[in-house]
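The exercises below are to be worked with the sequence and the coordinates open. Each task is followed by a solution in steps.

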Amino acid sequence: MINNNLNYPKFSVLMSVYKKENPIFLDEALKSVENQSVVPQQIVVVEDGKLTNELKEVLKIHRDNFEGDFTIVKSIRNCGLGLALRLGTRFVKNDWIARMDSDDISSYDRFKIQLNEICKDDDLVLIGGQIDEFEGSVENITGYRYVPTTDTGIRNFLKWRNPFNHPTVMIKKNILEKVGGYEGKGKLEDYFLWSKIIASGYKVTNVNSVLVHMRTNSGMYSRRGDLENLKYIFKLRNYLQKNGIINFFEMFIGDFVMLGNILVPNGIRKFVYKKIIHK
């Protein structure tokens, strides 16, 4: 049942799906949204290119059963996450957008926790939180990705790493559009977006709570080594320097570290992320 608590701003969940997704995982992701302690008024799902019949069936079942507005947006071709989210944003009807990935699971009170913080501060435009990572069963936790919660901590973290866990964020729609929205930036579409928002002086935060259980597999680590990412990494670092977030020395060091992350063998990259960064 939809929670119509008038103390909370209305919000929409934005998700993208493409043909290689697992229908079972998609079903679990949508259930974790629909069974929240505070349920969104709208779910927007972008079909990023042609989907399998199994994925279409999952979407149909949830569209028919969801008590709110379940909007399915179809992209003619597979355009990637950034551009798919850009398309989906046009169909969002509410002031706040909650991101969700099609194979993750949101914790039961995720939206309630975030909305409570939003109601405390009218200046807040972006709020994320922590994630844990699992393989197979959600009880099989293999790691965590902690991000800072203070303004200073987030700005310092931004210099070297992505300061938000993308699938956990809620963002104010008008600010998202004001800074130019999502763009097609390879695997860095979210990192670019946070950089634009922070460079524009808006207030952002993360909560300490684990908001999303993120499904992982070995393919996640190999994608981080995609050479295609290099040009976007250098563009991002240049943007940060031009907007005074990093200096020339920090830009050089960051470029070197990120280049190393791309070029190292996948086995080493996986070890570093699992045993050190996301331990």
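The protein chain exposes about 13,300 Å², and carbon and sulfur atoms supply 52% of that area. The model is predicted, and the values below are computed from it.

**Exercise 1. Overall description**

Task: State how many helices and strands the protein chain has, what share of its residues counts as buried, and what share of the contacts between residues at least 6 apart joins residues at least 24 apart.

Solution. 
- Step 1. The secondary structure comes to 11 helices and 9 strands.
- Step 2. The chain has 279 residues, of which 52% count as buried.
- Step 3. Take the contacts between residues at least 6 apart in sequence: 79% of them join residues at least 24 apart.

**Exercise 2. The partners of strand E9**

Task: Determine in which sense E5 and E6 run relative to E9, and name a bridge partner in E9 for Ser 106 and for Gly 128.

Solution. 
- Step 1. Strand E5 covers residues 105-106 and strand E9 covers residues 203-215; the two run antiparallel and are joined by 2 bridges.
- Step 2. Ser 106 has Val 212 as its bridge partner in E9.
- Step 3. Strand E6, residues 124-134, pairs with E9 in the parallel sense, over 9 bridges.
- Step 4. For Gly 128, the bridge partner in E9 is Asn 206.

**Exercise 3. Salt bridges**

Task: Give the count of salt bridges, then describe the pairs Lys 60 with Asp 64, Arg 99 with Asp 101, and Asp 121 with Lys 203.

Solution. 
- Step 1. The count comes to 11 salt bridges.
- Step 2. Between Lys 60 and Asp 64 the closest N and O atoms are 3.0 Å apart. Both residues lie in helix H2 (residues 53-65), 4 residues apart, about one turn of the helix.
- Step 3. Lys 60 is partly exposed, because its relative accessible area is 38%; Asp 64, with 46%, is also partly exposed.
- Step 4. Lys 60 and Asp 64 are linked with Arg 63 in a network of salt bridges.
- Step 5. The side chains of Arg 99 and Asp 101 meet at 2.5 Å, N to O. Arg 99 has a relative accessible area of 0% and is therefore buried.
- Step 6. In the salt bridge of Asp 121 with Lys 203, the closest N and O atoms are 2.5 Å apart. This pair links distant parts of the chain: Asp 121 is in the loop between H4 and E6, Lys 203 is in strand E9, and 82 residues separate them.
- Step 7. Asp 121 is buried, as its relative accessible area is 18%, whereas Lys 203 is partly exposed at 42%.

**Exercise 4. A covered helix and a surface patch**

Task: Find how many residues of H7 are buried, and which residues make the nonpolar surface patch of about 270 Å².

Solution. 
- Step 1. Helix H7 (residues 189-199) is mostly covered, with 10 of its 11 residues buried.
- Step 2. The buried residues in H7 include Tyr 191, Phe 192, Trp 194 and Lys 196.
- Step 3. After H7 comes Gly 201, with a positive phi near 90°.
- Step 4. The patch is made by Ile 141, Tyr 144 and Tyr 146.
- Step 5. Tyr 146 lies in the loop between strand E7 (141-145) and helix H5 (151-158).
- Step 6. Tyr 146 counts as partly exposed because its relative accessibility is 49%.

Notes:
Residues are numbered from 1 along each chain as its sequence is written. This is a predicted model: local features need pLDDT of at least 70, side-chain atom pairs count only at pLDDT 80 or more; totals for chains, interfaces and linings use all residues. Side-chain values use heavy atoms; hydrogens and water are left out. Patches are made of residues with over 30% relative accessible area and no salt bridge: like charges are joined within 9 Å, nonpolar side chains (Val, Leu, Ile, Met, Phe, Trp, Tyr) within 5 Å. Accessible areas come from the Shrake-Rupley method with a 1.4 Å probe; for residues, only the protein chains shown count as cover. A salt bridge is a side-chain nitrogen of Lys or Arg within 4 Å of a carboxyl oxygen of Asp or Glu. Buried means under 20% relative accessible area, exposed over 50%, partly exposed in between (1.4 Å probe, protein chains only). Two strands pair if DSSP finds at least two bridges between them. Contact means heavy atoms within 4.5 Å.
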